[in-house]
Amino acid sequence: MNEGLIPKRYAKALFKVALERGDAKALYATMDTLARSFAANPQLQETVANPFLADDKKTALLMTAAGTTAAASPTYADFLKLMAENRRLPMARSAALAYLDIYRQANNIYPVKIVSAEPLGDAERSRLEQIIGKQLPGATVEYDFSVDPSLIGGFTVSIGSQRLDASVENELKQLRLRLLSKI
């Protein structure tokens, strides 16, 4: 079975139900928290995929990882119940990521990841946000700033599948390739 297609179908159905119930935006925040929990704790996926752990324990773990309760998010609780009934709880991470993509597309939201060699100051952040905002008129932009010293200097900006690499590391790679091509 295609593990990418199944979570997308669950996410699409979840999005439709969330729209009907009027809690698509709240569920977006829940799924974002869940996706971040999976990213921060790699053992979470292994635990959810463990066949020896009961589904009610997995469901409780996924509720905690999403930072919510059944009372606070009945749509999410129903979703987990459906996934448990169909033995699909190990696909919760993939379904959460698919839901985020579907919601972003429906609401014209762009996640932008900016990685710099050193922490950016407020003025630099504001300038980058202003430049990126001009490239995405009318869109909502979610910024994620991080630091990677291996860039040596400069920064990279990733918007979806597009990437702008203005780092010293990239410049050195390009210089090396030009020198090697002349040999």
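Colleague: How many salt bridges does the structure hold?
Modeller: Five salt bridges. Keep in mind that this is a predicted model.

Colleague: Which residue does Asp78 form a salt bridge with?
Modeller: Arg21. The closest N and O atoms are 3.0 Å apart. This pair links distant parts of the chain, with Asp78 in helix H5 and Arg21 in helix H1, 57 residues apart.

Colleague: Is Asp78 buried, exposed or partly exposed?
Modeller: Partly exposed, at 37% relative accessibility. Arg21 is partly exposed too, at 45%.

Colleague: What about Asp32, which residue forms a salt bridge with it?
Modeller: Arg36, with the closest N and O atoms 3.1 Å apart. Both residues are in helix H2 (residues 24-40). They are four residues apart, so about one helical turn separates them. Arg36 counts as exposed, at 53% relative accessibility.

Colleague: Is Arg104 buried or exposed?
Modeller: Buried, with a relative accessible area of 15%. Glu142 is partly exposed, at 26%.

Colleague: Switching to rings. How many aromatic pairs are there?
Modeller: The count comes to six. One of them is Tyr10 with Phe79. Their centres are 6.4 Å apart and their planes are at 75°; edge-to-face needs over 60 degrees, so this pair qualifies.

Colleague: Where do Tyr10 and Phe79 sit in the chain?
Modeller: Tyr10 is in helix H1 (residues 5-21) and Phe79 in helix H5 (residues 74-85), 69 residues apart. Tyr10 is buried at 14% relative accessibility, and Phe79 is buried at 5%.

Colleague: Is the Tyr143 and Phe145 pair stacked or edge-to-face?
Modeller: Stacked, at 5.9 Å centre to centre with 20° between the planes. Tyr143 is partly exposed, with a relative accessible area of 26%.

Colleague: What sits over the ring of Phe145?
Modeller: The charged end of Arg125, 4.1 Å from the ring centre.

Colleague: Which residues form the aromatic cluster?
Modeller: Phe15, Tyr28, Tyr99 and Tyr103.

Colleague: Last one. Which residues form the nonpolar patch on the surface?
Modeller: Ile152, Val168, Leu172, Leu175 and Leu179, with about 450 Å² of accessible area together. Val168 is in helix H8 (residues 168-181), and is partly exposed at 34% relative accessibility.

Notes:
Residues numbered from 1 in each chain as written. Predicted model: local features only at pLDDT ≥ 70, side-chain atom pairs only at ≥ 80, totals over all residues. Heavy atoms only, no water. Phe/Tyr/Trp six-rings, centres within 6.5 Å; stacked < 30°, edge-to-face > 60°. Helix = DSSP H or I, 4+ residues; strand = E, 2+ residues; numbered from the N terminus. Buried < 20%, exposed > 50% of the residue type's maximum accessible area, 1.4 Å probe, protein only. Lys NZ or Arg CZ within 6 Å of the ring centre and 35° of its normal. Patch = residues over 30% accessible without salt bridge, like charges linked within 9 Å, V, L, I, M, F, W, Y side chains within 5 Å. Areas by Shrake-Rupley, 256 points an atom, 1.4 Å probe, with all protein chains shown as cover. Salt bridge = Lys/Arg side-chain N within 4 Å of Asp/Glu carboxyl O.
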